[in-house]
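Biologist: Hi! Could you walk me through this one in simple words?

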Amino acid sequence: MLTNLKPQPADKILALGKAFREDPRTDKIDMGVGVYRNAEGVTPVMRAVKAAEQVLIDTQGTKAYTSLSGDPAFCAAMRGLVFGDAVDVSRVAAAATPGGTGAIRQGFELVRYANPEATVWVSSPTWPNHVSILKFMGMPMREYRYFDEASRSVDFEGMMADLTEVKAGDAVLLHGCCHNPTGANLTLDEWQAVADHLQATGAVPFVDIAYQGFGDGLEEDGQGVRLLARQLPEMILAASCSKNFGIYRERTGVLMTVTPDAKSQGEAQATLAFLNRQNYSFPPDHGARVVQIILDDPALRADWQAELEEVRLGMLSLREQLAAELRQRTNSDTFDFIARHRGMFSRLGATPEQVEMMRAKHGIYMIGDSRINIAGLNTETVPVLAAAMVEVGV
Ligand code: LMR
């Protein structure tokens with residue numbers, strides 16, 4: 001049986017990390033995987049995380065199973081962080097999951113379980129693993145236009161034109177903020193138009209929010225999600241704590257649903273627990289508890305927010321520096337979009353050949369579609385990237 005297995009296609013993002021590690025050059029630059037790094041190239045453990053882990057060590061009396069949906073206090077804290085007071089708590093069901101990817105996978109399971117006929121609509125482009133998981137699960141999938149390569153901004157007309165074909169009971173996958181891979185995001189007016197359209201068609205938004213706090217701020221980054229939650233009877237949401245709490249390897253995420261009333265909430269909650277049980281039984285707890293301790297303690301929460309804000313502002317300043325550097329070197333505003341994009345990623349618009357030339361000649365690593373992780377730069381390497389981009393003719 002096992003000899004029938006075939007070689008697997010490498011995940012492009014993770015394969016790039018391996019190639020970077022194997023490159024002996026000491027001046028190489030890694031803008032691949034979406035992991036935050038500071039100016040020294042380190043992904044630090046956040047201060048509040050260290051403190052919360054200490055609290056956990058000092059106070060945790062058991063590691064017996066928690067509930068199938070995870071720690072209810074974690075779920076409640078995440079509900080507040082993401083939805084604020086946009087929706088009555090009696091309408092929200094939540095279950096902890098192994099990271100944001102676990103929430104996405106469980107969310108797809110939920111869609112298929114609730115409506116086997118559902119098509120999942122994903123943005124073109126989207127995080128490649130969205131597509132990979134959907135294909136692996138054999139779920140019907142369609143793409144909607146999202147990114148205008150020429151202006152490197154959202155192709156909102158194209159998006160809405162494609163979404164005219166959604167049907168009631170389909171799920172439309174939207175990035176809550178900091179679109180991955182493009183860095184181009186919907187305005188609030190555009191979120192409103194999407195909400196109106198979904199309401200008219202009866203399709204359900206499925207929001208993936210993995211970078212809350214990395215874009216315009218913790219509250220600001222939740223505005224699109226909250227607008228949908230205020231207006232629509234139903235929604236599905238996958239949130240990750242990997243990036244904004246910097247706990248990537250703890251695998252901490254949550255899948256939430258908004259349903260029309262308390263009765264349907266009860267059924268959704270039972271289904272989320274059931275789906276956890278079928279796939280991995282109890283979700284991981286350590287990271288979830290760390291997050292809950294931070295969010296429920298005013299001092300730790302304030303310290304976490306302050307550090308997250310430093311991270312966000314650092315990335316914004318690198319964006320501005322890179323845009324200014326390119327403005328000067330090209331004598332044009334072609335790359336001003338880099339300062340307008342939000343989150344870790346921007347898609348530069350380089351061809352695969354140009355991306356490869358930057359890697360081969362300069363040791364500059366970015367994803368083949370020219371997605372950069374801005375946090376892979378520092379003030380010294382920004383001019384190096386700008387020079388290389390000009391040299392290869394991006
Ligand atoms: C990314 O897009 O680089 C991150 O979300 C990490 C991953 O798992 O791909």
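Modeller: Happy to! One term to start: a polar contact is a pair of N or O atoms within 3.5 Å; within protein, one must be able to donate a hydrogen and the other to accept it, and residues adjacent in sequence count only if both atoms are side-chain atoms. Here, a polar side-chain atom of R371 is 2.9 Å from an oxygen atom of the ligand. This is a predicted model, where local features need pLDDT of at least 70, side-chain atom pairs count only at pLDDT 80 or more, and totals for chains, interfaces and linings use all residues. Residues are numbered from 1 along each chain as its sequence is written, and side-chain values use heavy atoms, leaving out hydrogens and water.

Biologist: How far is the polar side-chain atom of K243 from an oxygen atom of the ligand?

Modeller: For K243 the distance is 3.1 Å. G34 uses a backbone N or O atom instead, 2.7 Å from a ligand oxygen atom.

Biologist: Which residues surround the ligand?

Modeller: They are I13, V33, G34, W127, N180, Y211, K243 and R371, each with a heavy atom within 4 Å of the ligand.

Biologist: Switching topic, how is the protein chain divided?

Modeller: Into domain 1 (11-45 + 308-388) and domain 2 (65-296), with bounds from an automatic or database domain assignment.
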